[in-house]
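Please consult the structure below alongside the text.

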Amino acid sequence: MLTTVAAGRVFDFSHAVGRGALSGMGFRMAVSLALGEGDTLYAVNRGWEQVQNVPNNKTQLGTRVGKFTIGPVPGDEEVVCDFSKPGDGPGELIWPAGIALDSQENVYVTDEWLNRVSVFDKDGNFLRHWGSTGTDDGELNGPSGIAIDPKDVLYIVDSRNHRVQKFTKEGLFLSTWGSLGSGEGQFNAPWGITLDQQGHVYVADHKNHRVQKFTADGKFVMQFGSYGTGKRQLNRPSGVAVDPDGDVYVCDWANHRVQVFGPDGKIVTSLVGDAQELSKWAKMALETNPGAMKRRREVRNFEQEWRFAFPTAAVFDAHYGRLIVCDTQRNRLQIYNKLKDYQPAARTI
């Protein structure tokens with residue numbers, strides 16, 4: 001179903017962007033997204049490890065940050081640049097997780113392995129990194145999701161410490177909340193995070209199978225979801241986004257879908273992926289391989305290919321009124337337009 005009408009909302013599938021690629025025109029296990037100025041989008045790619053013949057020699061392929069422009073119509077996407085590479089040196093990444101931009105469009109990337117935040121300018125030039133491993137205030141253990149408010153205050157999900165920490169953009173500790181547990185304001189391996197226009201904080205509480213909403217200083221407001229596969233239920237949520245209407249989009253990671261909740265916490269609908277057409281870059285790659293094109297013509301049903309596979313992150317692009325979903329194991333993005341003036345087609349006999 002390419003157009004989903006539910007609870008007074010309309011989500012119209014637009015197109016897919018990307019393909020599996022080590023660099024350039026695609027993604028390699030992209031796990032987080034950030035919107036820049038204009039049509040700019042940044043994506044964190046985790047890549048994978050490849051074991052070489054030499055003992056203890058592993059090469060991590062595809063780990064990088066990609067910068068793209070994605071216009072409002074299908075096919076209007078271009079690669080700007082890739083930056084960073086695998087490693088533990090300055091400007092390098094091993095297990096990148098979250099990405100966010102400050103008011104100058106400097107790029108902040110968390111690293112779950114190195115327990116630090118690396119900072120780049122918008123052209124990908126390395127500026128600095130900060131962070132140390134531990135459990136005390138200001139220390140990190142598995143930092144994942146990151147969000148930045150209009151005053152350049154950083155909110156970082158300190159996943160293995162089961163808390164959220166606030167920092168200045170220079171890495172100075174400000175405050176923290178959360179502990180291991182399942183009660184209000186507690187977490188179990190939280191991961192994604194976002195802020196709404198009122199400054200509320202939403203955290204994907206991964207192993208508690210819910211999203212929690214807080215004030216900017218960490219006071220519990222409400223939660224979305226519970227464990228399961230049905231409506232309003234979640235299984236290991238990984239990412240969360242909020243649009244200007246207050247609708248909440250949750251990447252229901254292990255259920256392979258995006259659950260949409262209203263501001264009141266009531267379920268609106270589920271999006272399961274609708275990429276019935278290959279992306280521009282995927283078509284370009286396929287056209288260079290006649291054998292692969294022949295094999296595709298022998299496939300009876302492509303429905304499995306259309307669907308999400310472990311979607312990990314999402315952002316809502318308010319300028320175009322569209323939801324961009326990081327379809328992680330498909331190495332692509334899927335884009336839905338949220339339509340305001342939708343007129344249903346007249347029924348015919």
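Is Cys326 buried or exposed? Cys326 counts as buried because its relative accessibility is 0%; buried means under 20% relative accessible area, exposed over 50%, and partly exposed in between (1.4 Å probe, protein chains only).

The model is predicted: local features need pLDDT of at least 70, side-chain atom pairs count only at pLDDT 80 or more, and totals for chains, interfaces and linings use all residues. Residues are numbered from 1 along each chain as its sequence is written, and side-chain values use heavy atoms, with hydrogens and water left out.

**Cysteines**

With a disulfide defined as a pair of cysteine sulfur atoms within 2.5 Å, the count is 0 disulfides. For Cys251, the nearest cysteine sulfur is that of Cys326, 7.9 Å away, and Cys251 is in no disulfide. Cys326 is likewise in no disulfide. Cys251 counts as buried, at 0% relative accessibility.

**Nonpolar cores**

A nonpolar core is a set of buried Ala, Val, Leu, Ile, Met, Phe, Trp, Tyr and Cys residues joined through side-chain atoms within 4.5 Å. The largest such core has 18 residues, and Phe11, Tyr249, Val258, Leu271, Leu323 and Tyr336 have the most contacts inside it. Two or more residues each come from strands E2 (9–17), E24 (248–252), E25 (257–261), E26 (267–271), E27 (313–317) and E28 (322–327). Strand E2 gives the most, with 3 residues. Strands (E, at least two residues) and helices (H or I, at least four) are DSSP runs, numbered from the N terminus. Another core, of 15 residues, lies apart from the largest one and includes Leu33, Leu41, Val315 and Leu333.

Leaving aside residues up to four places away in sequence, Tyr336 touches several residues, among them Phe11, Phe13, Leu271, Phe308 and Leu323; contact here means heavy atoms within 4.5 Å.

**Salt bridges**

A salt bridge is a side-chain nitrogen of Lys or Arg within 4 Å of a carboxyl oxygen of Asp or Glu. The whole structure contains 20 salt bridges, including those tabulated here.

| Pair | Closest N to O distance |
|---|---|
| Asp152 and Lys169 | 3.6 Å |

Asp247 lies in the loop between strand E23 (239–242) and E24, whereas Arg9 is in strand E2, so their pairing ties together parts 238 residues apart in sequence. Both Asp247 and Arg9 are buried. These two residues also belong to a network of salt bridges with Asp243, Asp245, Lys338 and Lys340.

Arg46, in the loop between strands E4 (40–45) and E5 (48–51), is 66 residues apart from Glu112, in the loop between strands E10 (107–111) and E11 (116–120). Arg46 is buried at 11% relative accessible area, and Glu112 is buried at 9% relative accessibility.

Asp152, in the loop between strands E13 (143–148) and E14 (154–158), is 17 residues apart from Lys169, in the loop between strands E15 (163–167) and E16 (173–177). Asp152 is buried, with a relative accessible area of 11%, whereas Lys169 is partly exposed at 23%.

**Surface patch**

Val5, Leu339 and Tyr342 form a nonpolar surface patch with about 240 Å² of accessible area together. Patches are made of residues with over 30% relative accessible area and no salt bridge; like charges are joined within 9 Å, and nonpolar side chains (Val, Leu, Ile, Met, Phe, Trp, Tyr) within 5 Å. Accessible areas come from the Shrake-Rupley method with a 1.4 Å probe, and for residues only the protein chains shown count as cover. Leu339 is placed in strand E29 (residues 332–339).
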